[in-house]
Amino acid sequence: MSLSLKTQGAATLRLLGKPFGGIGGAICGAGLGLFIFVALFAPLLAPYAYDAQDLARIGLPPSAENWFGTDEFGRDVLSRVIYGARISLSVGLTAVALSASAGILIGALCGYFGGRFDRITMAAIDLTWCFPEILLALVLVAILGPGLNSTVIAIAVAYLAQFTRLTRTQVRALKGETFVEVSRCLGAGHAHILLRHLLPNALAPVIVVAMLTTGDAILLEATLGFFGMGAQPPTPSWGAMMSSGSAQLFNAPWVVIIPGLFVALSVIFINVYGDAILAALDVKNRIRRA
Amino acid sequence: MTTPILSVTDLCKTFRSGGGLWRKPRQFHAVSSVSFDIQAGETVGVVGESGCGKSTLARVVLRLMEPSSGSIRFEGEDIAALPEKALRPLRRRFQMVFQDPYSSINPRLTIREALLEPFRVQGVSLTTAQEQDTVDRLMAMVSLNPVLAESHPHHLSGGQKQRVGIARALALQPSLLVLDEPTASLDVSVQAQVIQLLQSLRGQQTLTYLFISHDLALVRYFCDRIMVMYLGRVVEVMPKGATPAHPYTRALLESSFEPDPTQRRSIVRITGEIPSGYDLPPGCAFQARCPKAQDLCRQTRPELGSVGTRHQAACHFPDSPLPDTQTPRSGTAPSQETPHAV
Amino acid sequence: MADYVLRRILALIPVFFFVTVVVFMIVHLVPGDPIDNLVRIGVTPEQKALIAARYGLDQPLYLQYWRWLTLVLQGDFGSAIVLRRPVMDLIRENIGYSLTLGGLALCFSALVGITTGAIAAAWRNTLVDKSIMGVVLLGSTVPAFWLGLLLILLFAVTLGWLPVSGAKHWTALILPVVTVGLGGMALVARVTRVSMMDIGRQDFVTLLHAKGVPAWAVQVRHVLRHALIPVVTLLSLRIGLIVGGSVTVEYVFARPGIGSLLIRALGQRDYPVVQGCLLMLAMAVMIGTLLGDLVQAAMDPRQREESR
Amino acid sequence: MLLSVENLQVQFGRLQALAGVSFSVNRGEVLGLVGESGSGKSLSAMAVMGLLPLSGGRVSGGSIHFDGTDLGSLSPKAYRKIRGGKVALVTQNPMTSLDPVVRVGQQIDQAALLHLPVDRTEAKARTLALMDRLRIPNAEMVYTLYPHQLSGGLRQRIVIAMALAGEPDLLIADEPTTALDVTVQAQIIQLLIELVQERDLGLVLITHDMGVVARTCDRVAVMYCGRIVETGPVEAIFASPRHPYTRALIGCIPRHDMAPGDLVGIPGVVPSVAAMPSGCRFHPRCAQAVSRCFTEVPPLSAAGDNHASACFLTDQPGEAS
Amino acid sequence: MTHSTSRLKLALLSATLACGVALAPLSAAVAASEAVFVFPNSHNGAPTLNPVKTTLDTLAHELIYDRLIEQDADQTYHPHLAESWESSPDGMLWTFKLRQGVTFHDGEPFNAKTIAWWIPKFAGTDNDYLVAAVDKVEIVDDYTVRFVMKHPDANLLYNLASGFMGVPSPKAYEAAGDTYGVTVAVGTGPYKLDHFTTGVETLLIRNEDYKWGSELAANRGKAHIEKLLLREIVDEAASYLELKTGGVDMVVDVPNALLSQYKSVKDVETKALPSYGIFYMPINTSAEPFTDLKVRKATALAVNQEEIVSRLYRGVGKPAHTFLISSLPESKINPQFEIRHDLRQANQLLDEAGWKKGPNGIREKDGKPLTVKLWTQGDTEFKRMTEVIQAQLKAIGMNGEIGVFDVSSIRDQYKKNQHQLAVRSYGWNNADILDWFLSAERQGYPNVSMWKDPKGEELRKAALTGSKTTEERIANFKIYHEYVLSQYPVVPIYEPDRTLAYNKTRLTVPEKIRGPKFTAASIIDTKVND
């Protein structure tokens with residue numbers, strides 16, 4: 001038995017660590033599932049329409065009628081939070097899906113072919129790292145105009161470098177694996193090697209990171225929403241709800257605290273569940289290497 | 001004289017490294033003007049310590065790395081300058097078994113998929129039934145339980161994986177198999193199993209082996225002819241059973257311990273380690289570690305010269321290749337071997 | 001080493017030019033016009049055109065870029081259009097706030113993150129570890145502005161211990177520093193923990209124990225020292241965030257800073273200011289990465305070798 | 001006896017990794033501990049060093065006596081004093097055994113400073129002398145280098161110097177040459193033997209290579225799956241190996257006088273700790289196994305002078321092939 | 001684990017405890033005769049304190065500089081640095097008697113020469129329109145000046161009373177050059193500039209020599225508050241919290257949405273200020289379907305101003321039925337022109353215009369649904385109101401799709417004529433705002449309505465340049481205002497009350513706030529309680 005059970009998984013992945021697993025992972029997986037369910041069936045679950053104003057019932061505290069109270073237009077906060085799950089989760093997921101797909105494509109090509117193409121492309125992509133995500137996203141939304149589409153694109157661009165780098169690193173590391181050399185030795189072309197050997201193996205960590213990034217994307221969307229960019233009223237996103245409610249923080253704190261809690265919960269679920277998946281992957285790695 | 005299956009002439013491989021704003025990149029001569037022929041059915045061993053260029057040689061010969069210069073004739077056809085596209089169909093005729101069985105199978109594929117990859121890559125279409133037959137045949141060939149075909153590589157032991165590697169390399173029935181330290185990462189008990197398998201395969205089908213290893217004892221056991229490399233050059237070529245003429249080969253022999261307690265605590269004379277391949281001094285590359293080195297060795301590099309029957313050494317002062325006192329008790333050199341110039 | 005530093009700096013030059021182009025393009029892609037923010041509403045179109053000409057905004061973009069670049073190369077970021085002052089002055093006025101907040105937040109992230117990470121690693125897989133990592137997880141999953149608001153609600157409003165906003169008194173820094181630093185702290189703690197556990201599994205650590213080195217010395221002098229190497233990278237990558245990324249927190253706590261200046265200028269399309277701030281940020285990130293690499297090279301001789 | 005291990009048992013959680021291991025070594029003696037990976041040789045070393053807790057294991061039975069002291073009864077602090085002082089460890093992989101960010105000279109100094117009454121200058125002087133002795137060329141210069149700047153052979157010499165710096169009586173070398181080139185391996189082995197003679201050390205040499213054993217050891221203990229299956233003087237082991245496993249191990253090493261087909265491996269693989277076969281643990285891989293081997297654990301029984309084997313078939317000595 | 005490991009753990013633990021800062025109760029106390037005010041939000045980010053060149057006059061301007069004339073909340077004019085004035089009947093000559101004994105903060109005297117130097121300074125600046133009608137300034141004697149006009153300007157007094165007409169010290173102004181207003185600002189006002197950081201704060205120190213307060217103030221001498229820190233806080237919630245927790249003493253201009261919160265704080269007193277602007281909805285008259293007057297009118301009638309005031313603002317502020325603030329005489333128009341909620345008529349008009357109710361309540365015409373862009377800018381106030389308007393438009397079957405832009409982007413969109421409806425506001429207390437927002441010369445922006453109407457142009461010019469006296473100007477603007485409202489290029493929505501909130505244990509604010517805004521006259525009367 002060797003004392004150093006070394007796993008050769010990507011260093012970045014191992015850095016993320018896995019303090020939780022088992023039960024925590026399962027609970028968070030279930031929580032995440034619940035959120036997705038709520039998002040999918042929002043119209044059935046929401047007790048009221050998300051945009052139904054009742055100016056006579058402004059800023060009411062939580063009650064039997066309005067479990068989470070009402071906001072500054074007398075709208076039901078619970079209904080808005082339910083619909084908000086739809087917006088926030090779908091913006092996060094779409095943006096990350098977009099970002100990851102583009103990143104995987106570029107990263108795989110850069111990592112596989114290398115050379116000048118790689119250096120120039122990566123230099124351009126790394127430029128996005130020169131600016132904090134929030135500022136980058138704010139500037140991009142300003143360029144693209146308001147709306148959910150530009151939010152999605154802005155978030156996608158903000159995380160593009162991360163996915164490209166990760167895929168590239170993975171592909172470069174895998175390129176040195178013997179099975180790739182074997183494939184070349186058998187006479188395989190670039191497409192075969194990329195699609196059959198490199199991408200399937202590179203993808204697993206990228207997908208896990210994508211999942212963890214979805215949490216960040218939800219946070220970023222909330223922050224953009226806080227600055228009034230993102231979902232256009234009366235469309236509820238959790239960020240937008242916190243933004244419009246922030247002025248009410250002290251006489252109707254539920255308007256701010258509740259959507260914030262949901263953001264935090266969803267990000268926690270995503271992180272813990274992602275970690276659990278990571279841990280599972282890691283174990284597999286370990287078996288392979290032991 | 002038949003055409004050798006592989007004929008390598010003046011093969012060189014140089015790596016560049018470092019370099020920057022002000023510095024010239026340094027050149028690393030991994031393989032320097034290596035020439036040799038392999039006849040069909042022969043088993044040739046290449047032996048040397050890490051960094052001697054033996055693995056690079058294997059890869060350059062199979063065009064997994066581009067040669068810097070020199071020619072590689074495979075069955076009479078020069079493949080050194082062939083474009084990659086034209087080379088691909090030829091690849092089915094020369095295959096390689098790699099050192100690390102642990103990473104030689106894509107962890108996402110089943111053993112079955114891995115074994116079928118050669119056919120897919122080479123565009124051989126198989127029916128489902130043919131696929132099943134092929135997998136069964138290959139598994140049987142390397143004595144693997146066919147049940148394992150549906151497992152993923154992490155369920156297999158190192159030895160089993162190496163068997164899969166061998167089966168995969170032989171799937172398209174190549175005529176030349178390059179074995180790059182196929183047993184180096186296995187336990188000794190498993191190493192013996194794999195060597196046994198390779199020997200039996202050679203008996204079953206006409207196979208030519210180029211066997212790369214750092215273990216002189218193993219090479220002496222397994223190969224018909226042995227090439228010893230030091231710092232990218234071949235320093236000695238000798239037939240099985242011959243006594244080494246080059247001091248380096250002698251040092252290697254002295255350092256490989258046989259399970260014989262009578263030699264207990266005998267003195268090892270070799271000192272130092274293989275130097276880096278950069279900035280080689282003039283003269284013999286081994287002179288710094290050679291107990292017999294003289295001024296001539298420091299000034300002029302010795303060329304490979306004949307020191308006996310089919311025995312060459314690159315040394316100014318070779319030991320006389322006396323008839324080997326340690327001839328094998330049984331077994332003879334393969335009969336198909338013919339004398340040839342290197 | 002000096003050679004390495006010089007080479008790294010020279011390598012930044014093309015990046016710098018690349019960045020100037022991108023910054024300039026981005027800024028001019030944003031729809032809008034600074035002149036509207038400069039003049040009163042009732043101004044006639046002719047007057048506006050005159051003013052635009054005065055700032056060279058009527059010229060083709062490449063000429064404007066060239067003019068700006070030549071200025072920048074002379075160490076001058078030009079003059080703000082709306083704010084009517086040299087951009088350098090504006091940045092100088094604000095950067096102190098950013099650096100104080102960011103620097104303290106960085107220290108907070110580093111000190112608390114490393115300590116908690118090390119504690120969690122020492123008690124790995126126990127309740128201590130799990131509760132620390134739980135809190136850490138919370139810290140990295142709440143929106144900063146929301147956390148800021150809640151902290152204000154608790155410490156400034158309910159308890160009245162700390163001021164709500166502003167940058168007058170040092171106590172006004174505590175809440176913003178915690179808000180900004182918590183995310184970084186969480187990251188640092190996780191990285192420290194994982195890399196300490198990773199390093200702990202290495203052969204040389206076994207050998208250190210075998211040498212008879214006391215366990216605490218192995219952990220602190222050797223393992224922690226190694227674990228800090230990725231932490232340095234992590235922290236150096238956050239320098240950009242420190243200079244400009246705490247804009248949400250600046251907003252919530254009504255603090256001045258580069259981020260706030262940038263957002264304000266962006267809103268007014270005050271091109272020279274936006275360009276100047278973005279360029280400063282990019283340079284801060286570049287320098288941060290460079291510093292990170294240098295510190296790493298100082299901590300890890302292997303890096304020095306590779307860079308040679 | 002310098003070191004005597006009696007019926008040592010080691011557990012990882014509920015899994016028993018060592019099931020009663022006994023061996024001993026004297027001053028000036030080299031004991032070879034051989035076996036395939038997974039046989040428990042490294043664990044025995046870690047148990048002697050008291051480092052099992054690092055990997056989550058514990059000694060669950062038996063005793064370890066060093067120089068008359070029961071190591072199991074020592075306080076952690078006292079154990080630490082012995083570790084690196086009187087008992088030193090040389091590990092397998094010189095590439096990873098040194099702290100990559102500390103100058104190698106200081107890593108050697110550290111051991112002396114911890115265990116000997118010396119100050120920094122003295123420690124350095126001792127280190128330099130030791131480096132000279134270990135034939136490290138240019139010791140003054142090498143002293144200031146970092147591990148990655150050294151070749152594998154030099155690094156292993158540094159690891160040995162580190163072990164020797166505390167003036168140990170017992171050296172435990174865990175596969176000290178596995179990762180090295182053959183010519184370097186030969187030099188390191190040579191060096192270890194010289195040191196044993198020069199300093200009257202006891203050396204436990206852990207290896208899987210019967211060739212190395214034959215070349216260096218006075219006595220051999222062959223391990224398989226956490227048990228000693230055969231032990232005896234080196235000549236006896238090679239001349240008349242009693243246990244089929246020992247015979248198979250010897251048969252795995254190619255020799256100049258072998259004919260093609262003579263080199264045979266051991267079929268099958270070493271079982272995992274979690275799935276140990278009953279009876280003689282070697283029986284699934286043993287060609288000579290009889291029904292008794294499936295159920296009963298063969299005891300280590302004398303098979304000659306100082307020679308013992310744990311096999312029911314010990315009475316029929318086999319020839320090394 | 002061994003003992004040593006436990007020691008490590010102990011060490012780490014104690015280190016953490018040491019790191020955990022024990023938070024001591026801390027408070028940013030303010031010394032007795034100091035006060036901290038929060039700037040009105042609209043004053044934030046003013047780049048300069050140079051009154052001649054600034055386009056944004058702030059509370060700081062008003063405190064550093066004095067003007068010739070003061071305007072009161074009822075829009076009447078009162079002497080300040082000018083003790084009296086008279087104009088010739090043809091409006092071509094204006095004579096001002098200046099107050100004597102006034103000195104600048106730098107000790108320079110204030111006299112006729114100052115005015116003769118000052119007025120020409122406006123030429124070529126953004127503010128030159130203020131005195132564009134003045135041909136030249138003649139010095140009659142040391143304390144008398146005469147303005148010779150190019151043409152009569154009925155608005156001259158208003159202009160002279162505006163915040164941009166604070167008089168700077170000629171010496172300091174010339175000495176500082178371009179940096180005037182940034183590093184130095186010297187006037188004759190009750191406070192001197194200590195320092196000023198754009199977007200952050202302005203610190204003012206009392207002018208100890210001040211003894212020329214205007215008649216709007218009870219205290220004609222130096223101010224009661226020695227040091228005045230004016231802070232700029234963007235986040236409305238933060239301002240509120242600062243006041244609540246004692247971090248600041250006064251918030252000038254409380255957002256109406258938060259008024260009830262402010263009122264609920266124990267030590268906080270609120271005080272209504274005169275209104276100073278209008279929220280309105282421009283209708284893009286050049287964009288379908290709003291080229292149709294009926295659709296415009298229907299849209300206008302759909303807006304329920306009363307509901308917005310009573311519900312959204314809980315009765316704070318006034319519904320706006322005209323485009324001008326109610327204190328302006330020009331807003332007193334014939335009630336038939338006022339725009340008032342009338343859902344029935346609105347629906348009827350849309351029916352007439354061919355927009356029929358569709359299945360989901362949204363009207364359709366030629367198969368196209370009545371979906372329009374309803375844009376606004378990012379501030380909370382605008383978003384809130386826009387959401388309510390959206391809901392109100394729904395009642396007439398109009399589907400408004402909200403777009404929220406930042407201020408600069410939305411202007412760009414207006415200029416590109418991309419918009420249909422928008423929610424905007426202005427703050428101004430003069431009828432010439434009609435000219436700014438509806439003049440055909442400024443289509444796109446600021447004429448967001450894209451209004452270009454020949455009759456409107458005629459009336460506009462008559463009102464703006466054809467009036468010789470104040471009375472005449474009022475009459476002309478009334479006609480123009482009525483015509484504008486009859487064409488529905490804009491829908492007035494809301495005339496917000498502006499409110500002051502202060503800590504009554506710290507400050508005593510005069511009972512009646514005079515002047516159109518909360519300004520110097522009120523501040524020098526404000527006292528810090530002991």
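The conversation below sets several labels against their cut-offs, for a model that is predicted.

Visitor: Why are H5(C) and H14(C) called oblique to each other?
Guide: The axes of helix H5 (residues 87-122) of chain C and helix H14 (residues 271-299) of chain C come within 10 Å and cross at roughly 50°. Angles under 35 degrees count as roughly parallel and those from 65 to 115 as roughly perpendicular, and H5(C) and H14(C) are therefore oblique. The crossing in which H5(C) passes H14(C) is right-handed.

Visitor: Which residues of H5(C) and H14(C) meet, and what is the division into nonpolar, polar and charged?
Guide: From H5(C), Val87(C), Leu90(C), Ile91(C) and Ile95(C) meet Pro272(C), Val273(C), Gly276(C), Cys277(C) and Met280(C) of H14(C). The residues of this contact comprise 8 nonpolar, 1 polar and no charged, with Gly counted as polar.

Visitor: What does the UniProt record list for chain C?
Guide: The unreviewed UniProt entry gives "transmembrane region" for residues 9-30, 95-123, 135-164, 170-191, 227-253 and 273-295 of chain C. In the model, residues 9-30 of chain C are 95% helix and 0% strand, with end C-alpha atoms 31 Å apart, while residues 95-123 of chain C are 97% helix and 0% strand, with end C-alpha atoms 41 Å apart.

Visitor: What makes Gln287(B) count as buried?
Guide: Buried means under 20% relative accessible area, and Gln287(B), at 14% relative accessibility, therefore counts as buried. Gln287(B) is placed in the loop between helix H8 (247-255) and helix H9 (295-299) of chain B. Leaving aside residues up to four places away in sequence, Gln287(B) touches Pro281(B), Pro282(B), Ala293(B), Cys297(B) and Arg298(B).

Technical notes. Residues numbered from 1 in each chain as written. Chains lettered and ligands numbered in written order. Predicted model: local features only at pLDDT ≥ 70, side-chain atom pairs only at ≥ 80, totals over all residues. Heavy atoms only, no water. UniProt positions renumbered as here; feature names shortened; annotations may be inferred. Helix = DSSP H or I, 4+ residues; strand = E, 2+ residues; numbered from the N terminus. Axes fitted to C-alpha atoms, helices over the stretch in contact; angles between N-to-C directions. Parallel < 35°, antiparallel > 145°, perpendicular 65-115°, else oblique. Left-handed = near helix turned anticlockwise from the far one by under 90°. Contact = heavy atoms within 4.5 Å. Buried < 20%, exposed > 50% of the residue type's maximum accessible area, 1.4 Å probe, protein only.
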